[in-house]
Amino acid sequence: MLKINNLHASIEDKSILKGINLEVKPGEVHAIMGPNGSGKSTLSSVIAGKEEYEVTEGSIIFDNEDIEELAAEERAHKGVFLSFQYPVEIPGVSVTNFIKTAINESRKARGLEDMPAKDMLKLIREKAELLEIDRKFLSRSLNEGFSGGEKKRNEIFQMAMLEPKLAILDETDSGLDIDALRIVANGVNKLKSKDNAVVVITHYQRLLDYIVPDYVHVLYNGRIVKSGTKELAHELEEKGYDWIKEEVNA
Amino acid sequence: MDLKEKLVSSFLAFENEVNIDAFVHDVRTDAIKIFEEKGFPTKKEEAWKYTSLNTVLKEDYSVFPKQESALDYKDVKKYFIHDIDTYKIIFIDGKYSSHLSQTTHGGIDVCLMSSALSKPKYQPIIENYFNKAAEKDSLSALNTAFSNEGAYIHIPKNKVVEKPIQIIHFATGNESATMLQPRNLVVVEENSHVQIIERHQNLTQNPVLTNSVTEIFAEKRAIVDYYKIQNDNANASLIDNTFIKQDRESLASVHTFSFGGKLTRNNLNFYQEGERMDSTLKGITIIGDKQHVDHNTLVHHIEPNCESHQDYKGIFSDKATGVFNGKVVVEKEAQKTNAFQANNNILLSDKASINTKPQLEIFADDVKCSHGCTIGQLDESAMFYMRSRGIPEKEAKALLMFAFTNNVLESVKIPELKQRITKIIADKLGVDIGFDL
């Protein structure tokens, strides 16, 4: 589904990603871990199509197509979803209207009519329930004044609405208390199928107790320096990242 | 002969032509003297520092409409708010069009300035109110000198006018260039409510310059909501001078939606002559090309326990230029005043510009006054967020701009008008999305 080959990316001439290789197949859950500043968020932004980053080498293949030249919205229409570490506040646009617009724009791109209002409402109700989101919450301005937990739940709610093929969860666990973490993880797990895939980007192992990865990769200094199974995450939790750094630097 | 000379020299002929009483005659004669002395404002004056009338004044305007024109309703229907029942006072090249209008004298007067100025039965109102709110600046004086036609609205005590009143000025381009000087008088007595929508529309590419004066009197506990749709074509310029005198416990609001026109100058003045009242001044400006919109506002707090709320949003692209000059005066007696002012702007191009200047003159010590102006670009992180959810760039931009203007749009009390403004904004932004914010 996703194949990243020798990906190099930079921002304002500062090189951040220095040759990433990663393959994600349908049905899989991958975790990308690593110390601060290792390039985790850059990787997720580059996959989602943030224009500030320049891809200087390598390729991103999604569903057998090189998506490197595509705009962020076109990638979204193909089924790429990024859950933001810091969801942006947009005063004046309600959660409901935002998601309606997003869904109908995606449908338009696929040559479909707008979703009938009744179906939309039903879908919203269903997915809001899954994430234990109150109806009043849906008429509030997007992310404005939301708590950390509300923001992340709202991200997963949007993911549930958009049903992406590939969901990248960038530090979704940060700012969540244990109850919110359980709700969010439960939502992600219910959305998982053999046809879609999830990439979890996280600093800590905590979230991986709930969203269990098939593969764990360690990103350090713009490269994946170690890959393994979920046991690797436990090892990192115990020992920290220093031993990895030492291994690499040696 | 320049425009000033042309206007001054044609004044006498104009005075002889129209049938008016001595009071009005005196007012006009004084007014032309003021204009003759002051002339058109120039950039040397502080209040006109960022707006030059030079290019607008160099046209050879016909200052009086010579012939009457007719228009078919179906050809101009789109300029009306036509999906609700309204009173209509419609002018074509400055002359009243009975064909397009729907006026009334049933308990309220929704009719013509020309009859109010000439018929004895209106004389008491005219002598009490005419030119009593307008300032003696040169442009208002010029309008006063030639005041003859416009809307005359008089709502006696305890009347809620159920239907909004539309005032539309059409220009047909029969002359190669036309100058229009409509004069409106709105008197709303105790406990009465009225809603008014005003629009100016040039129907051809021939230049039009409109120098309009509107005087509004909101008596005790009256509620007046005035909406200005400024969406004219690229050859039309408008100088709008609006003066509102409020008595105690009245509520008055003016919303100005500036999307079109070549040069637009809004001189909007509120005078609070009583206690416990509220004045609202809101505007949305969305312009591009080389358009210029200047909002020059004044709120004069004279008595205690009053509020004023100003909220102007501007979006400027291409080489468009904007000006916001908001003055709030709080007199020594006006304790417990709450005065708020906000002017927020987005510049979408490097060549667009906005000059914004809040001016507060506060002589009372127990007041709450706030002002804030911002100038920014569209939030890039918000753009990426929206696009990553599948909303294309153009639509994402439009959504952000709608959101930016939303709290002004929200306070429009006529749903059909709100819908129309939303549609105009969507057209202006080149999007067709049914988001209802």
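How many residues does the contact take from chain B, and how many from chain A? Before I answer, please keep in mind that what we are looking at is a predicted model. The contact draws on 20 residues of chain B and 23 residues of chain A. On the side of chain B that touches chain A, α8 (380-388) and α9 (393-410) each provide at least two residues, and the residues of that side sort into 11 nonpolar, four polar and five charged.

Let me stay with α8(B) for a moment. Its buried residues are B:A382, B:F384, B:Y385, B:M386, B:R387 and B:S388, and if you ask what they pack against, you will find α1 (40-48), α2 (72-78), β6 (80-83) and β7 (90-94) of chain A, together with α9 of chain B. Just after α8(B) comes B:G390, which takes a positive phi of about 100°.

Now to the next pair of helices. In general, two packed helices are described by the angle between their axes and the distance between the axes. For α9(B) and α10 (residues 415-429) of chain B, the axes come within 11 Å and cross at roughly 150°. Angles over 145 degrees count as roughly antiparallel, and α9(B) and α10(B) are therefore roughly antiparallel to each other. The crossing in which α9(B) passes α10(B) is right-handed. From α9(B), the contact is made by B:A398, B:M401, B:F402 and B:L409, while α10(B) brings B:K418, B:I421, B:T422, B:I425 and B:L429.

Key: Residues numbered from 1 in each chain as written. Chains lettered and ligands numbered in written order. Predicted model: local features only at pLDDT ≥ 70, side-chain atom pairs only at ≥ 80, totals over all residues. Contact = placed C-beta atoms within 7 Å. Helix = DSSP H or I, 4+ residues; strand = E, 2+ residues; numbered from the N terminus. Nonpolar A, V, L, I, M, F, W, Y, C, P; charged D, E, K, R; others polar. Buried ≥ 20, exposed ≤ 12 C-beta atoms within 10 Å, placed from the backbone. Axes fitted to C-alpha atoms, helices over the stretch in contact; angles between N-to-C directions. Parallel < 35°, antiparallel > 145°, perpendicular 65-115°, else oblique. Left-handed = near helix turned anticlockwise from the far one by under 90°.
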